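Student: I have a model open and would like to learn how to read its features. Could we go through them one by one?

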Amino acid sequence: MSEQFKVEIINPEKSFLLKENVTEVVIPAFEGEMGILKDHISIISFLKPGVIKVFSKSDEENYYVEDGIVEFKNNNLSILTSSIFNVKDLDSTKIDEMLKKAENDSNNSKIDDQNKYLIDQKIDTLKTLN
Amino acid sequence: MASLDDLKKRIASVKSTQKITKAMKMVAAAKLRRAQENAEKGRPYSEKMNNIILNLSNSITDKENAPKLLMGTGEEKIHLCIVMTSDRGLCGGFNTNIIKKAKAYFNKILNEGKTLKIITVGSKGYDQLKRFYNANIIEKMSFKDSKSTNYLDAEKVGKIIIDNFVKKNFDVCTIFYNQFKNVITQIPQEQQIIPLKSSKIEEINSEDYYEFEPEEDEILNNLLPKNISTQIFKAMLENSASEQGSRMSAMDNATRNAGDMVDKLTIEYNRSRQASITKELIEIISGAESL
């Protein structure tokens, strides 16, 4: 029991997920994937497009996110994001649609390097999901 | 005195108006419940966001180079006001209250000789402001087509604000909306979102120690634009709950007033009917007497 902590994923419209008994959460932080275990130091970071993996003792859940902010404090992990999907709910047509949009954005020459990097990340993630 | 036929027609028309207001009240009540739920569900997000920002800004040591969105441009010559109203009317004092609050603020700013720019969100606000402040309105937005309040709309507004800020088109940004307290009470609010009010920042305890990845200011730069959208979204949620609440009580009043009116008209109708019967009787009797 002692290795468990609480995770809460919130999007602007509602509280998306609340789980009390997770053992590990892997988040796609801006500077690389980050695994968070119990008693991690308090941290604030933000996300790039990727997959959040939530592990509890018995199962594993995957969520696709496009952006977000993460705060970990006193064994409470809060993830704020405006775009999150459960990987189970994403079928290939939806992924294709999102991929197409991302590729369009990527071909737009006006975007700056940072956005380009984010979009490329998005494309990579979507391709692995597909 | 109006003829019997006229009275009958009036009663019928008031009754059908009453039916409409009653239906509108029911619809508003149903919508209110949903809007209220949404507003409550949306609260954790904006609260968390605020907390994180407060923690972050607390740990920024280099105030000089702090992001401009947080600390402001150092001047306050140009004010941008976001006036958020509804797209539909018939909701009592809802829009008027916001406009009143906003106008008081506008006058204050103009009297101080500062420049005023306005963005209206919701068509009713634009309708009421265009007469006096047409020259100040730089943008009007309306989300009539959106079925419910959604974050994408808020992001659109936020983006316009950020774009204007980057272009140095304004120094201070304030939003006006109605805060939902309960069905009868909605409080018009003015809230400054750029620069973030510093009074709040000082309140928190500095005992929390955080690790940041990447650096604080980079996170802040990423976070602050999102916070703008979040604040707008919060205001939109509060507004839509307030709108329905306000409409519900307005329509409730209207239904009651229509009921009173029907009662009064019915009494008048009955009186004049009796009067005409009496008159006819008198005519018959006096006719018979003269024979």
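Student: How many residues does the hairpin use to join β2(A) to β3(A)?

Tutor: Two residues link β2(A) to β3(A) in a hairpin. Helices (H or I, at least four residues) and strands (E, at least two) are DSSP runs, numbered from the N terminus. This is a predicted model, in which local features need pLDDT of at least 70 and side-chain atom pairs count only at pLDDT 80 or more, while totals for chains, interfaces and linings use all residues. Residues are numbered from 1 along each chain as its sequence is written, and chains are lettered from A and ligands numbered from 1 in the order in which they are written.

Student: How many bridges join β2(A) to β3(A), and which residue stands opposite P28(A)?

Tutor: Two strands pair if DSSP finds at least two bridges between them. Here β2(A) and strand β3 (residues 32-36) of chain A are joined by five bridges and run antiparallel. Opposite P28(A) stands E33(A) in β3(A).

Student: Which strand does a hairpin of four residues join to β2(A)?

Tutor: That hairpin comes from β1(A). Strand β1 (residues 5-10) of chain A runs antiparallel to β2(A), with five bridges between them. In this pair E8(A) faces L18(A) of β2(A). β2(A) also has four bridges to strand β5 (residues 50-56) of chain A, again antiparallel, and there E24(A) stands opposite F55(A).

Student: How many residues of chain A are in contact with chain B?

Tutor: Two residues are in contact if their C-beta atoms, placed from the backbone, lie within 7 Å. On that basis 21 residues of chain A touch 23 residues of chain B. On the chain A side, two or more residues each come from β2 (15-29), β4 (43-47), β7 (68-73) and β8 (76-80). β4(A) supplies the largest share, four residues.

Student: What classes of residue make up the chain A side?

Tutor: Ala, Val, Leu, Ile, Met, Phe, Trp, Tyr, Cys and Pro count as nonpolar, Asp, Glu, Lys and Arg as charged, and the others, Gly among them, as polar. The side of chain A that touches chain B has ten nonpolar, six polar and five charged residues.

Student: Which strand of chain B is joined to β4(A) by bridges?

Tutor: It is strand β6 (residues 211-213) of chain B, which runs parallel to β4(A) and is joined to it by three bridges. Within this pair, S45(A) has E213(B) as its bridge partner.

Student: In what order do the five strands of the open sheet in chain B lie?

Tutor: The order is β3-β2-β1-β4-β5 (chain B), with mixed pairing. At the edges are β3 (137-141) and β5 (186-194) of chain B, each pairing on one side only. Strand β4 (residues 172-180) of chain B runs antiparallel to β5(B), and eight bridges join them. Q179(B) is opposite I187(B) in that pair.

Student: At what angle do α1(B) and α7(B) pack?

Tutor: Axes are lines fitted to C-alpha atoms, for helices over the stretch in contact, and angles run from 0 to 180 degrees between N-to-C directions. Helix α1 (residues 4-59) and helix α7 (residues 216-290) of chain B pack at about 160 degrees, with their axes 5 Å apart. Therefore α1(B) is roughly antiparallel to α7(B). Angles under 35 degrees count as roughly parallel, over 145 as roughly antiparallel, 65 to 115 as roughly perpendicular and the rest as oblique.

Student: Is the crossing of α1(B) and α7(B) left-handed or right-handed?

Tutor: α1(B) and α7(B) cross in a left-handed sense. A crossing is left-handed if the near helix is turned anticlockwise from the far one by less than a right angle, and right-handed if clockwise.

Student: How does α5(B) pack against α7(B)?

Tutor: Helix α5 (residues 151-166) of chain B meets α7(B) at an angle of about 130 degrees, and their axes are 8 Å apart. That angle makes α5(B) oblique to α7(B). The crossing of α5(B) and α7(B) is right-handed. Residues in this contact include V157(B) and I161(B) of α5(B), and I228(B) and F233(B) of α7(B). By class, the contact has ten nonpolar, two polar and two charged residues.
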